[in-house]
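Dear colleague,

Please find below the structure for your attention. My notes on what was found in it follow directly after.

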Amino acid sequence: MSTNYRIVVLLSGSGTTLQSMIDTELPANICAVISNKPNAMGLARAEEASIPTHLLDHTLYSSREAFDFDLQGLIDQYQADLVVLAGFMRILSDGFVNHYSGRLINIHPSLLPNYKGMHTHQRVMDEGEPLHGSSVHFVNSELDGGPVVLQARLPVLPSDTVESLELRIKTKEHLIYPTAITWLAEGRIELKDNEVYMDGKKMTGPVVMDYM
Ligand code: GRF
């Protein structure tokens, strides 16, 4: 579907998250997909869907700021309304994050603010948590710390392994991320003064979708 709302997707890996956006009738146009990794399968998925792709290899840059500066220049050529992180394995500099304030989102595989950072599935299992999930959030300069819009929540089953838990989480991510993007594209969700508004009302917490 092609509309005036323009999205640029950043990724580093397999791109199943991107695929869920391609497969959903988003009220938005995915204008470009950018990877920092040459072999990211997400690039092939984008090409298959006739979406322009770019490789920006971070190993060719001497500093994070220099890479982020070029990344910003590339994204801005597409006049993106929204920049979507979809498994983009880079810490972003403050200048970059501030430039896209309110129009930069990420999906993190935990029930934020719990389990920021890496290896969330393993850590959740090690702690014996009964619940786990994934969170769509605006990105600010604190790692995995921006205001959360939407969460998928599901039980950790006694039979779960890290792999089975990750797979079940991903299945739900592929529902909630396109949903959150749709809300943004429709203007239903907005970030003002670091607070999330939905349909003009300040949210007291994220929308939670339970998959029990
Ligand atoms: C997703 O599980 C997401 O939570 C995290 O990165 C993963 C990306 O997976 N931010 P894929 O490369 O889209 O398959």
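A pocket here is an open set of points, on a 1 Å grid over the protein atoms alone, where a 1.4 Å probe fits, with protein on both sides within 12 Å along at least five of seven lines; lining residues have an atom within 4 Å of a point. Grid points are joined across faces, edges and corners, and a volume is the space filled by probe spheres set on the points.

The model is predicted: local features need pLDDT of at least 70 and side-chain atom pairs pLDDT 80 or more, while totals for chains, interfaces and linings use all residues. Residues are numbered from 1 along each chain as its sequence is written, and side-chain values use heavy atoms, without hydrogens and water.

The largest pocket holds about 1,000 Å³ of space. Its lining comprises 37 residues, with Phe88, Met89, His108, Pro109 and Met118 nearest the centre. Helix 6 (162–185) is among the elements that supply at least two lining residues each, as are helix 1 (16–23), strand 5 (104–108) and helix 5 (120–126); helices (H or I, at least four residues) and strands (E, at least two) are DSSP runs, numbered from the N terminus. Helix 6 gives the largest share, five residues.

Helix 1 also packs against helix 2 (residues 41–48), at an angle of about 15° and with the axes 9 Å apart; axes are lines fitted to C-alpha atoms over the stretch in contact, and angles run from 0 to 180 degrees between N-to-C directions. The two helices are therefore roughly parallel, a term for angles under 35 degrees. Thr16, Leu18, Gln19 and Ile22 of helix 1 meet Gly42, Arg45 and Ala46 of helix 2 in this contact (heavy atoms within 4.5 Å).

How values were computed: Angles under 35 degrees count as roughly parallel, over 145 as roughly antiparallel, 65 to 115 as roughly perpendicular and the rest as oblique.
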